[in-house]
Amino acid sequence: MARLVLLSEGLTGRTYDLKVEKTTVGRVADNTFEIPETSVSSHHAEILLRGNEVVVRDLNSTNGTYINGEKITEAVLKPGQILRLGTVEMRLETGDSPPAMTKKPLDQTRVIPQGVKVDELEGSRPVGFDTTKAFSKKSNRATTWFIVAVIVTSLLLVGALVWILNKPR
């Protein structure tokens with residue numbers, strides 16, 4: 001029996017058996033297979049069983065339907081392929097065992113380069129901070145002038161206010 005195994009974080013391990021001829025998938029509860037995830041549309045896709053084939057049909061979803069990274073409107077989903085609805089990924093599995101991954105054995109030992117150490121560089125010099133260059137302390141002249149300007153302006157405003165309030169009427 002074909003089933004969908006969810007792979008996305010928070011839904012990992014959740015499965016859905018494809019038992020009926022037509023399965024609707026979406027975010028809302030009236031779907032046959034509900035996936036409560038915001039990137040999945042309310043009625044995102046249909047999954048149809050046609051003989052031994054599993055066909056996926058997008059229902060004009062907002063974030064699209066993809067099989068192995070390729071956007072589809074309708075396509076056959078094969079065992080082991082990744083179906084993505086929005087950001088939710090799932091894999092189609094059947095009762096059959098998945099095809100075995102064949103690895104090519106290494107014919108020799110490989111050396112993995114580790115980079116260069118600082119003391120091995122030609123012309124390297126010790127790292128230090130020279131206080132007469134870019135990292136030296138800057139003068140506070142601009143800050144001092146700003147503070148003086150604020151104080152003078154404040155005194156002028158207070159003086160004007162006192163003069164207005166004490167003006168004979």
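**Salt bridges, core and helix**

Visitor: Start with R57. How accessible is R57?
Guide: R57 has 27% relative accessibility, so it counts as partly exposed. Buried means under 20% relative accessible area, exposed means over 50%, and partly exposed lies in between, with a 1.4 Å probe and protein chains only.

Visitor: What kind of model is this, and how are residues numbered?
Guide: It is a predicted model, where local features need pLDDT of at least 70, side-chain atom pairs count only at pLDDT 80 or more, and totals for chains, interfaces and linings use all residues. Residues are numbered from 1 along each chain as its sequence is written, and side-chain values use heavy atoms, leaving out hydrogens and water.

Visitor: Back to R57. Which residue forms a salt bridge with R57?
Guide: E74 does, with the closest N and O atoms 3.1 Å apart. The pair links distant parts of the chain, with E74 in strand 9 and R57 in strand 6, 17 residues apart. A salt bridge here is a side-chain nitrogen of Lys or Arg within 4 Å of a carboxyl oxygen of Asp or Glu. Strands (E, at least two residues) and helices (H or I, at least four) are DSSP runs, numbered from the N terminus.

Visitor: What else does E74 form a salt bridge with?
Guide: R50, at 3.5 Å between the closest N and O atoms. E74 is in strand 9 (residues 74–77) and R50 in strand 5, so this pair ties together parts 24 residues apart in sequence. Both ends are partly exposed: E74 at 40% relative accessibility, R50 at 41%.

Visitor: Why can such side chains pair at all?
Guide: Side chains of opposite charge can pair when their charged atoms come close.

Visitor: How many salt bridges does the structure hold?
Guide: Six. One of them joins E93 and R91, with the closest N and O atoms 2.9 Å apart. E93 is partly exposed at 22% relative accessible area, and R91 is partly exposed at 28%. Salt bridges that share partners also join K22, E46, R50, R57 and E74 into one network.

Visitor: New topic. What's the overall layout of the chain?
Guide: One helix and 11 strands. Along the sequence the pattern is β-β-β-β-β-β-β-β-β-β-β-α. Of the 169 residues, 24% count as buried.

Visitor: And what does the largest nonpolar core look like?
Guide: It has 22 residues, and I35 and M90 have the most contacts inside it. Strands 1 (3–6), 5 (45–50), 6 (53–58), 10 (82–85) and 11 (88–93) each give two or more residues to it. Strand 11 gives the most, three. A nonpolar core is a set of buried Ala, Val, Leu, Ile, Met, Phe, Trp, Tyr and Cys residues joined through side-chain atoms within 4.5 Å.

Visitor: What is I35 in contact with?
Guide: Leaving aside neighbours within four places in sequence, its contacts include L6, L11, V25, V40, L85, V88 and M90. Contact means heavy atoms within 4.5 Å.

Visitor: L6, then. Buried or exposed?
Guide: L6 is buried, at 0% relative accessible area. It is found in strand 1. Beyond residues up to four places away, L6 touches, among others, T12, F33, I35, E89 and M90. L6 and E89 are 83 residues apart in sequence, yet 6.0 Å apart C-alpha to C-alpha.

Visitor: Where does T12 lie?
Guide: In the loop between strand 1 and strand 2 (15–17). T12 is exposed, at 58% relative accessible area. It touches L6 and L7, not counting residues up to four places away in sequence.

Visitor: Now the helix. Why does helix 1 lie largely in the open?
Guide: Of its 26 residues, the number buried is zero, so helix 1 lies largely in the open.

Visitor: What span should helix 1 have?
Guide: At 1.5 Å a residue, residues 141–166 should span 38 Å, and the end C-alpha atoms are 38 Å apart, which agrees. The expected span is 1.5 Å times one less than the number of residues.

Visitor: Which residues make the nonpolar surface patch?
Guide: F146, I147, V150, I151 and L155, covering about 510 Å². I151 is in helix 1, and is partly exposed at 47% relative accessibility. Patch residues have over 30% relative accessible area and no salt bridge; like charges are joined within 9 Å, nonpolar side chains (Val, Leu, Ile, Met, Phe, Trp, Tyr) within 5 Å.

Definitions and conventions: Areas by Shrake-Rupley, 256 points an atom, 1.4 Å probe, with all protein chains shown as cover.
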